[in-house]
Amino acid sequence: MQKMKNFLKTFLKRNSLIYRILRKLYGVLSHIKYKVIHAKEIRQTKKEYHKKAQASIEKIASYRQKDYIVFYNPTWLGVAASTIGLFENIVPLEHVYDKKDIRKIANTIVENKIKSVIFSQICDGWTDTIEQLKKINPKIVIKVIWHGNCYEYFSDFTWNLNKKVMNLYKQGKVDCFAFVRSTMYEFYKKLGMKSYYLQNNVHKNRIEEIQHDENEKIKIGIYNADTRELKNIYTALSAMKLVPNAVADVVPINKGAKEFADMIQLEVTSIDDYIPNEELMKRIQKNSINIYPTFTENAPMFPLESFEMGVPCLLGNNNDYFVGTKLGEYVILKREDDAKYIKDKIIEVLEHKKEVMELYVAWKKEFDTKCENLVKDFIEIEK
């Protein structure tokens with residue numbers, strides 16, 4: 001099929017009617033081909049999603065007559081950590097493809113007299129769930145937390161879900177939105193949409209800072225970067241190489257990062273795959289500093305998790321953490337693509353590590369109160 005597609009491209013104009021018809025037909029046939037070849041795999045996947053939907057239904061019933069519940073996808077680690085850190089009445093729910101499951105979820109919510117349903121980001125099937133809920137009970141309040149930013153609209157998956165949920169808002173089936181980045185909140189508010197602001201938070205048990213021997217190597221961590229361009233892993237590795245007596249800890253590490261570290265002769269400790277959050281938190285406690293120099297973010301969880309574990313973390317200049325504070329002057333990067341600049345910031349923070357951690361502890365107390373008030377206001381709003 002691909003060879004035929006390439007052949008037709010050689011003599012058909014891209015904007016011609018025939019080309020558009022054949023392109024659409026190619027897409028349909030490719031989809032059919034995929035479903036035939038992967039039929040067994042698709043059936044098994046749907047079976048697993050059905051089981052998870054049933055578990056979510058049982059969890060919904062445990063919140064009978066509560067003012068609200070919050071759905072989140074437990075496999076989306078950042079969104080999951082955000083939701084768990086902000087709300088109490090949480091319900092793990094992955095993609096929902098079975099219409100019977102969608103109806104059962106909606107019916108369970110209505111039968112248990114839950115007043116408001118919050119969707120923390122949007123998965124496949126969740127917009128159908130919203131429509132079903134409003135069909136059964138038009139008075140139920142539906143709120144959506146959008147964790148992404150405009151950059152992520154490059155992803156067809158993200159864009160299509162965003163488009164669906166925005167259309168539901170126009171139809172009156174979504175009552176309001178919350179955003180975890182002030183710039184997103186301000187933009188949609190100016191458009192006249194009912195918008196609210198939340199800030200992600202992390203609650204970890206405080207630990208005693210691990211004391212490092214002055215003669216041991218400086219261990220610098222970068223995590224959950226993998227191959228995503230926005231995570232900027234190669235600049236991070238370059239900066240680590242410039243730090244005297246440094247070793248990089250990279251989880252997960254991909255083939256390209258391994259080859260690059262070997263090429264620049266950077267000492268690395270690593271794991272190939274993602275690891276559970278609890279295991280990651282124990283791992284980073286052994287580090288002198290972590291870096292998270294991403295090109296674009298909204299409200300990343302890792303920098304706060306790092307600080308909560310007693311390890312300072314540099315972060316990109318693309319979120320609302322530490323802005324306008326002395327702490328921010330130390331840890332917010334202004335040039336995420338400059339390895340030497342990042343190296344200088346690493347050394348600066350290590351030289352003032354005690355002060356940096358004291359500044360974080362003071363900042364976090366005020367931040368916790370702010371986050372609690374924002375969540376309270378968002379939960380209590382009606383139509």
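Helix α15 (residues 353–380) lies across β1, β3, β4, β5 and β6, and runs at about 145 degrees to β4. In this predicted model, the strands belong to an open sheet of 6 strands with parallel pairing, in the order β2-β1-β3-β4-β5-β6. Helix α15 also supplies 9 residues to the largest nonpolar core, which is the largest share of that core.

**The sheet as a whole**

- The edge positions of the sheet are held by β2 (90–92) and β6; each has a single partner strand, so one side of each is left without a neighbour in the sheet.
- On average, and with direction ignored, neighbouring strands of this sheet are turned by 25 degrees against each other.
- Strand β1 (residues 68–72) runs parallel to strand β3 (residues 116–120), and 4 bridges join the two.
- Within this pair, S116 in β3 is the bridge partner of Y68.

**Strand β5 and its side chains**

- In strand β5 (residues 176–179), C176 and A178 point one way, whereas F177 and F179 point the other way.
- All four of these residues, C176, F177, A178 and F179, are buried.
- In a regular strand, side chains alternate between the two faces of the sheet.

**From β4 to β5**

- Strand β4 (residues 141–146) and β5 run parallel and are joined by 4 bridges.
- W146 stands opposite F179 in β5.
- Between β4 and β5 the chain passes through helix α7 (residues 156–170), forming a right-handed β-α-β crossover.
- Helix α7 lies across both β4 and β5, and its direction is at about 150 degrees to β4.

**From β5 to β6**

- Strand β6 (residues 195–197) pairs with β5 in the parallel sense over 3 bridges.
- The bridge partner of A178 in β6 is Y196.
- Helix α8 (residues 182–190) carries the chain from β5 to β6, and this β-α-β crossover is right-handed.

**The nonpolar core**

- The largest nonpolar core comprises 110 residues.
- The residues with the most contacts inside this core are F71, F87, I109, F119, F322 and V331.
- Leaving aside neighbours within four places in sequence, V331 is in contact with F307, C313, L314, L315, F322, V349 and V356.

Notes. Residues numbered from 1 in each chain as written. Predicted model: local features only at pLDDT ≥ 70, side-chain atom pairs only at ≥ 80, totals over all residues. Heavy atoms only, no water. Buried < 20%, exposed > 50% of the residue type's maximum accessible area, 1.4 Å probe, protein only. Pairing = 2+ DSSP bridges. Right-handed = clockwise from strand over helix to strand, strands pointing away. Axes fitted to C-alpha atoms, helices over the stretch in contact; angles between N-to-C directions. Contact = heavy atoms within 4.5 Å. Core = buried A, V, L, I, M, F, W, Y, C linked by side-chain atoms within 4.5 Å.
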